[in-house]
Amino acid sequence: MSADTLTGGTSSPDTSLPAGAGPVPPRQVRTGATRRPRTGGRRPWARALTVVALTLCAVVFLYPFVWLVSASFKPRSQVFDNALVPRTFTLDNYVAIWQSAPMGLWIANTLLVTVLATAAVTITSAMVAWGFAYYRFPGRNALFGLVLATMMLPGAVTMIPTFMIWNALGQSGTLTPLWAGNLFASAFYVFLLRQFFLGLPRDTFEAAKIDGANDLRLFWSVALPLCRPALVVTALFEAQASWTDLMKPLIYLRDSTTFTIPRGLKAMVDQFGFGGEFHWELIVTASVITTVPMIVLFFVGQRQFVDGIATTGTKG
Amino acid sequence: MSVRRSTTGCGAVLAVALLATGCASGIQPRDDSQVDYSLDVHLSGTLDTMGFGLGDDVATVRDADAERALGHDVHVQMAQGALDTQAFLSAVAAGDPPDLVYASRDDIGSLATQGALLPLDRCLAGSGTDTRQFRPTALAQVTADGHVYGVPEFNQLQLAMASTRLLDRDGLTMADVNGSDWRAMARANEAMTATTGARLDVMGVDAKLPDSFWLWTLANGARPISEDGRTAHLDDPRVVEAVRFAVSLTEPEGGFDRVKAVRDAADLFGEDNPFAAGELGAEPMDNWYVNVLEDVSPDVRLQFDAFRDRRGEPIAFAGGSAWAIPVNAADPQLACRYAVTMTSVQAWEDAARARLAEGTKSGKQFTGLLTANTVADARIERMALDQAAEQGRGGDDQWVQAVRAIYTANEHAVSAPANPAAAEFAKAWQDGVNRVLNGQASPEAAMRDAQRVAQRALDEGWAEQDR
Amino acid sequence: MTTTAGRSTTTGRTGTAVRPGARRAQNRDTRNALLFISPWIVGFLVFTLWPVLQSAWLSMTDYDVLHAARWVGWDNYVELVQDPKVAMSMGNTLLFTVLEVPAHVAVSLALALLLDRAGRASGFFRTVFFLPKMTPAVAVGALFLLVFNGQDGLVNRALALVGIDGPAWTTDPAWVKPGLVVMSLWTVGASVVIFLAALRAVPRDLLESATLDGAGPWARTRSITLPLISPSIFFVTVVSTIAAFQTFTESYTAFFGASSSAYGNDAALFYSIYLFQQGFEYLHMGFASAMAWVLFLVVLVVTLVQVRVSRRLVHYEGGE
């Protein structure tokens, strides 16, 4: 088995945390052979039980969101009446949102930041993870340990100094600090992707090298496509994190035309708080508007990585 | 690693450390002695504000006045939403603060004592603004070291509000629940409260703790902090007594757990609000709630009065907002003009007229605007009462009663003094009161601990400033 | 040629002899590796190391942003040790972590195992489970107070259906943390996705031959699936421990964020919240930096302990 893995058999269990531990240890990534048979073949009642259990859990997970959606269609006086189906159904909130806040702008800003952040972090984290997975060099494990240690750093430690750096670069008040930090990879995704790379069979790369591929080619044209599922997972997680992030917009953005959706939402909540008149019906509506694109993205994306696992790989 | 690598490593660390000492050097205050603040100077540039929001007509009308005063060569940029300390501090730390900030007077007072704000003497004198027209208590909140640091805007205080139906049903009157007689209040609470098993159906009197701590303390003739803002009095026996009494009102209601659960689930801004739904007898509540009630449940019969201290005199705890200029702001000239125009009598009158028009259209009574400006207050009160006469409302009309209650309380309101440890002081008494509410400590023990923490915070805070 | 049976990662010290060509190849490898890793290195130096050093220095000063930082040496750390709220908030955080992490791993694993069997419908369910992670924090905080409301909340109403008198989740100090734990379980979606990916990689032939040998579903799970995905379990445990130690948003939005209420609850004061208050509400930046460093050390120690323990429990793929 060890001959198959990338590191030449040394996932180094004798060194610390970094090696071996990981989210996706695809031992053998093969076509066909690992494709699972359609479930429910042998025990239909077991499958039914599974679906029932899942449905129950789904209800628990879905209920709060259903409540939000339902509340967004209610007039202000009924928002908290706990009725799942609105007594009075109204679209006024959605209209009001577009009128009382520059939602279009906010969505555009958030979209821009999310796309850039996701693309940046996925590519650079893959690069860095590849560096750690494919190559062997002195101090590799120590350096990777350092990468992991940065994951444990509380955000508060670096917040103000980081702001001062961006400000010195003249970027405070712009959208740049919200995504440009991702140009330098992220420890979490480096960890995740490295584990994935470690599981890819070495022979593939040997074969490509014999065919004359240089190192960059190996990475870009051979390794990356093979780990598409992990890349999709990375992209989905980062998209979600970026879309819903409040902390960075809070610190860097000043003008409401540059706001992202979470920042705009907060401004709405606080603003109305002054006269004590919380317009909760607008807030829940904005929450729904914010979440729906992510749902769509996720639904589309997760099918990608599931199918991806079954179809990538070479004959092992 | 090679030797070369480790020396470069050390060198880098050293350089970084040296650089680090260079940063975090505090802010460079601006000298505004050359700035001309008079109102007829032509202005241009960009005004950067933080902490304000154009959420309602009172704000937009005045903002229109202010932008007109600034002139069309000035662009106003607003980071809308309540002042976020992180965002503000990050901006200040980086030497790029907004020109104008808007925050609660507690925050402004705190920032003033910490040296973060520009003294407004020149701004106020140059623009011809007479500080005597501001309410003394409001002005005191933003004054430190004899200098004014903020332009007060709005006054917010409590009123006693009660449901006529519930009062009548048990043969009670407003005098029983407006705080002038604590024993009567306890009795009224027991009479009006209704429970089914463990379920709280009707709250007789909601003492509104912990938010109303100051009110109850003042009603008992004590102050949580001295007028100069240096000494805490949280363990004063009268303070402890006030806390004990207010907490005791939750007992017939099933304990604070029940009360909080009911409060959280209440549809405060809806047509099923606690008064309308007959679930609340009486409470001391913020004056803006009157507008909400008139808006969503105008037909519910209510009674309003100023909250009273134990001698029967009106009392209220007032807070509000203020405009201020950071000490290293780039454009204090623009900031000053905007702030003084927003709070001018003219602007307030314009806003009140807009509200009045709204009221006349919908047949509702305009319940006034508390501006923290005595001249404006008097004029607007007059406007409200005139409208009442126009709409044929008599003195026993509940909304007229509300107007009178609001303005009476306004005359007798007390505010917290400016102090550099405002946040910590507030947290100290909040922790004390919350511990009693959550059943974790007795009033004496909790307030004794609170006193210790508060006094220490105040001492350290003032020591920093006096340094 | 590089796929040897070597066990060590240091240069050249394995079974193979070192040839001059090999050293040049090694140097080239090192250079290429560092090239690939360079984005992270740059980011680390500028956005991690520098701020970390500055904050370490800050932790030894009295700094309130508005005035120059004043050196105080170890004073902040001494004060930290003596501050009862620091101990209390750390205790709250530890308790929360101890409750939340096992629950988190168990629930997300259970859901992933269920999803693994669901076949075609799993796409829909997967989205449902990930949904809470995409909901804005403001909404989640408000929902907590509503759903866990002691008198009329959904949770207590459901409990009442089975005859249990539900506790006051939002005010009773004994139940605040369990309530927050349950609420945080709502966002296990990410871990479910990770586990699902790992489960999908478990080779079918192993499971099939076990079935043929007569092993029931539980036995298969216990003896084959779990060990094979143990690296993922370890990963999720470590990551969610680190996250639990820094827990902030949920509790803050539910208990401390509402600017119009003075209500607070000691049981919900987590370390990060107190850190935030010290730094951004009281402007004790130096003290807050010291708190951040203490947190970092605690998390580091805990993670190292977990690594130690994992050596015996986690089945490493390439390591046998």
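# A tour of three chains

Select Cys123(B) and Cys336(B): these two cysteines form a disulfide, with their sulfur atoms 1.9 Å apart. Keep in mind as you go that the model is predicted. A disulfide is a covalent bond between the sulfur atoms of two cysteines.

**Stop 1**

Which parts of the chain does it link? Cys123(B) sits in helix α5 (residues 121–126) of chain B. Cys336(B) sits in helix α14 (residues 332–342) of chain B. Now look along the S-S bond. Show the surface next. Both Cys123(B) and Cys336(B) are buried. Over all chains, the count comes to one disulfide.

**Stop 1**

**Stop 2: helix α12 of chain B**

Go back to chain B and select residues 256–265, which make up helix α12. Colour the buried residues: Phe256(B), Arg258(B), Val259(B), Lys260(B), Ala261(B) and Val262(B). What do they pack against? The buried residues of α12(B) pack against β9 (199–205) and α18 (422–437) of chain B.

**Stop 3: chain C on its own**

Hide the other chains. Chain C has 14 helices and two strands. Its domain assignment gives domain 1 (2–58) and domain 2 (77–313). Give each domain of chain C a colour. Their centres, taken over C-alpha atoms, are 35 Å apart. Chain C has 320 residues, and 57% of them count as buried. Now turn to contacts within chain C between residues at least 6 apart in sequence. Of these, 67% join residues at least 24 apart.

**Stop 4: where chain C meets chain B**

Bring chain B back. How many residues does each chain bring to the contact? Chain C gives 41 residues and chain B gives 44 residues. The size of an interface is often given as the accessible area lost when the parts come together. Between chain C and chain B, the buried area is about 3800 Å². Carbon and sulfur atoms give 56% of that area. On the chain C side, select Leu66(C), Gln151(C) and Ala262(C). These residues lose the most area to chain B, together 18% of what that side buries.

Next, look for charged pairs. The count between chain C and chain B is three salt bridges. One of them joins the side chains of Glu79(C) and Arg456(B), at 4.0 Å from N to O. The interface also has eight residue pairs in polar contact, with both residues at pLDDT 80 or more. Now select two helices of chain C, α1 (20–58) and α13 (271–281). Each supplies at least two residues of the side that touches chain B. α1(C) gives the most to that side, with five residues.

**Stop 5: a proline in chain A**

Finish at Pro154(A). It lies in the loop between α4 (140–151) and α5 (155–168) of chain A. Pro154(A) is buried, with a relative accessible area of 4%. Which residues does Pro154(A) touch? Its contacts include Gln246(C), Ala292(C), Leu295(C) and Phe296(C). Then select Phe197(A), 43 residues from Pro154(A) along the chain. The C-alpha atoms of Pro154(A) and Phe197(A) are separated by 28 Å.

Notes: Residues are numbered from 1 along each chain as its sequence is written. Chains are lettered from A and ligands numbered from 1 in the order in which they are written. This is a predicted model: local features need pLDDT of at least 70, side-chain atom pairs count only at pLDDT 80 or more; totals for chains, interfaces and linings use all residues. Side-chain values use heavy atoms; hydrogens and water are left out. Domain bounds come from an automatic or database domain assignment. A disulfide is a pair of cysteine sulfur atoms within 2.5 Å. Helices (H or I, at least four residues) and strands (E, at least two) are DSSP runs, numbered from the N terminus. Buried means under 20% relative accessible area, exposed over 50%, partly exposed in between (1.4 Å probe, protein chains only). Contact means heavy atoms within 4.5 Å. Buried area is the accessible area (1.4 Å probe) that two parts lose on being put together, summed over both. A polar contact is a pair of N or O atoms within 3.5 Å; within protein, one must be able to donate a hydrogen and the other to accept it, and residues adjacent in sequence count only if both atoms are side-chain atoms. Lists of a residue's contacts leave out its neighbours within four places in sequence.
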